Amino acid sequence: MVAASGFQVAVKPTAVELCLMFFVALGSLTYGYSSSIIATTRGQPSFNSYFKLDTASNATQLNGAMDGLFQAGGLFGALTVSYLADKLGRRKCIMLGSLLCVIGGALQAGSVHVGMFIAVRFVTGFGVGQLLTSVPMYQSELSRPYSRGLTVGTHGVMIVIGYTLSSWVGVGFYYVNAGGAQWRVPLAIQVVFPLVLGVFVMFLPESPRWLLMQDRSDEAQSIILRVHRDVADPEHRAAKLEFLQMEQQWQIERTSSVSWKDAFMLPHYRKRMIIGFCTLAAGQATGTLVINNYGPTLYADLGFDSANSLIIQGGWITVSIIGNSINALTIDWMGRKKQLLIGLTGCALALVGECVALSTYERTGGRAASIAAVVFLFLHVFVYGLNMDVTSYVYSSEIMPNQLRAKGVSFSICGLFLSTIVYLEAASTAFANIGWKYYLVFICMSIFFFVLVFFYFPETKDLSLEEMAALFGDEVTDINLHRAVSDEYELDEKNSIIERVVTAVAV
């Protein structure tokens with residue numbers, strides 16, 4: 001139970017709300033599986049021999065292209081959401097991304113030439129870019145303020161479940177002595193999740209905030225009453241108050257159409273765009289995705305054979321599920337800013353330990369140093385999952401106003417893809433030429449983003465999406481979910497709502 005002056009709320013989202021969040025997060029799982037499966041695919045001997053990556057003189061460049069084009073596709077896919085999510089609605093945008101992921105995944109599994117494989121990685125990247133942008137946007141717009149961290153947090157949790165599933169599927173198929181099946185079947189599995197999501201997403205309710213933007217307020221209210229319905233509030237008083245706040249804030253904002261120029265020229269919008277972009281860029285600046293995509297190669301360089309490298313990779317990513325789950329459960333009371341600061345600090349310190357261990361291993365070749373290097377990588381991903389992964393998606397999706405949200409979240413996700421294009425494209429060559437010193441880049445970048453978050457980022461916990469406007473100097477509705485501002489919204493304290501509902505008391 002959370003309490004403040006004049007109101008009480010419980011901490012649980014409704015069962016309907018959670019079911020919706022987990023189902024739409026199949027798009028998050030799709031991103032996690034599709035982006036991570038390349039790591040164990042590279043560790044399959046039959047994949048390398050089929051595409052001659054074990055003998056090609058340009059194998060390093062080809063591996064870089066596999067990552068680079070996937071991330072470039074994600075970048076362009078994310079940008080299209082800035083238009084499509086407002087034009088078509090959140091659900092249709094998710095459906096389109098799912099379709100592209102099905103096509104791209106199927107063509108990857110059926111690739112007969114390395115050029116074809118690299119090209120269709122772009123198609124899959126385009127699809128997951130749309131999903132990675134649309135899913136948290138949809139979730140945030142359908143969530144209640146006091147459980148938004150948990151509900152949007154399912155996005156981050158499902159991403160790492162996708163990572164983990166791809167890793168263990170790769171481990172299992174390493175022992176399949178059947179030529180192409182060793183790597184084609186794991187690649188084909190990635191079409192299952194977007195196929196299910198694409199078929200059924202149109203049966204989900206549309207975002208009520210998008211419906212308000214289309215002047216379909218009756219539909220929007222019906223969805224809020226249905227999804228946020230609570231047995232302890234049979235008259236839907238809290239849900240009605242929540243909708244009233246949404247509607248009034250939209251009446252304030254609707255006169256301000258936001259172009260891309262406005263988004264960067266007007267200070268209150270520009271600050272949001274910078275914060276959103278930097279939040280996602282900060283996550284990649286820790287080096288987590290580089291470690292994930294090159295994990296088996298990194299462990300092989302520490303003296304582990306192919307089978308053990310894949311098993312370590314599976315164990316490494318499994319740790320992140322624990323961290324992300326805790327992150328989703330704690331973010332609503334710890335706050336977004338604090339968790340970002342802790343995560344950046346912890347990741348930087350873990351990489352310092354990694355550099356020391358790898359430097360020692362480079363000089364001595366000792367087993368203890370190689371084990372220490374693995375331990376620091378495990379510590380790194382645990383700290384990242386515990387503080388940053390869920391937080392970055394929740395924070396970047398909640399700070400945007402309705403009329404800017406599609407553009408703002410799209411631009412924020414571009415921060416992720418632009419960063420990963422740079423880091424992953426350079427990783428293959430960097431590890432080959434400077435080895436562990438490449439981690440120094442991520443240490444320095446983590447320190448930079450720590451300073452930026454500390455001085456520039458506002459705290460957003462416990463605020464509804466409409467109440468965020470006050471943090472950036474915008475006009476805000478006079479309906480506050482923390483208190484009633486008139487007798488019209490007075491609620492009897494003796495009949496206060498017990499489970500996760502706001503009760504306003506006359507001041």
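The largest pocket has a volume of about 380 Å³. A pocket here is an open set of points on a 1 Å grid over the protein atoms alone, with protein on both sides within 12 Å along at least five of seven lines, and lining residues have an atom within 4 Å of a point. A volume is the space filled by probe spheres set on the points, with grid points joined across faces, edges and corners. This is a predicted model, so local features need pLDDT of at least 70 and side-chain atom pairs count only at pLDDT 80 or more, while totals for chains, interfaces and linings use all residues. Residues are numbered from 1 along each chain as its sequence is written, and side-chain values use heavy atoms, with hydrogens and water left out.

By class, the lining holds eight nonpolar, eight polar and three charged residues.

Now to the second largest pocket, with a volume of about 260 Å³. It is lined by 13 residues, and Asp301, Leu358, Glu362, Gly435 and Trp436 lie nearest its centre. Here α16 and α18 (336–364) are the elements that give two or more residues, and α18 has the largest share, at four residues. This lining has nine nonpolar, one polar and three charged residues.

A cavity is a set of grid points where a 1.4 Å probe fits but cannot get out. Searching the whole structure turns up four cavities of 30 Å³ or more, and the largest cavity holds about 160 Å³ of space. Its lining has 18 residues, of which Tyr163, Thr288, Leu289, Tyr384 and Asp389 lie nearest the centre. At least two lining residues come from each of α7 (148–174), α15 (288–293), α17, α19 (367–387) and α20 (389–398), and α17 gives the most, with four. The classes are eleven nonpolar, six polar and one charged.

Next, some packing. Phenylalanine 47 sits in helix α3 and, at 0% relative accessibility, counts as buried. Buried means under 20% relative accessible area, exposed over 50%, and partly exposed in between, using a 1.4 Å probe and protein chains only. Not counting residues up to four places away in sequence, phenylalanine 47 touches Thr41, Arg42, Leu53, Met66, Phe117 and Trp183; contact means heavy atoms within 4.5 Å. In helix α11 (residues 217–227), Ala220, Ile223, Ile224, Leu225 and Val227 are buried. The buried residues of α11 pack against α1 (15–24), α6 (114–142), α10 (208–213) and α12 (237–253).

Lysine 52, in the loop between α3 (45–50) and α4, has a positive phi of about 60° although it is not a glycine. Lysine 52 counts as exposed, at 54% relative accessibility. Aspartate 462, in the segment after α22 (439–456), also isn't a glycine, yet has a positive phi of about 70°. Aspartate 462 is partly exposed, with a relative accessible area of 22%.

How many disulfides are there? The count is zero, where a disulfide is a pair of cysteine sulfur atoms within 2.5 Å. Cysteine 101 is in no disulfide, and the nearest cysteine sulfur, that of cysteine 93, is 12 Å away. Cysteine 101 is buried at 1% relative accessibility, whereas cysteine 19 is exposed at 55%.

Finally, confidence. The protein averages a pLDDT of 86, and 91% of the residues score at least 70; pLDDT is the predictor's confidence in each residue, from 0 to 100. Over residues 1–11 the pLDDT is below 50, and this stretch has 35 contacts in the model beyond near neighbours in sequence. Residues 484–507 are also below 50, with 67 such contacts. Where pLDDT is low, the predicted coordinates should not be read in detail.

How values were computed:
Ala, Val, Leu, Ile, Met, Phe, Trp, Tyr, Cys and Pro count as nonpolar, Asp, Glu, Lys and Arg as charged, and the others, Gly among them, as polar.
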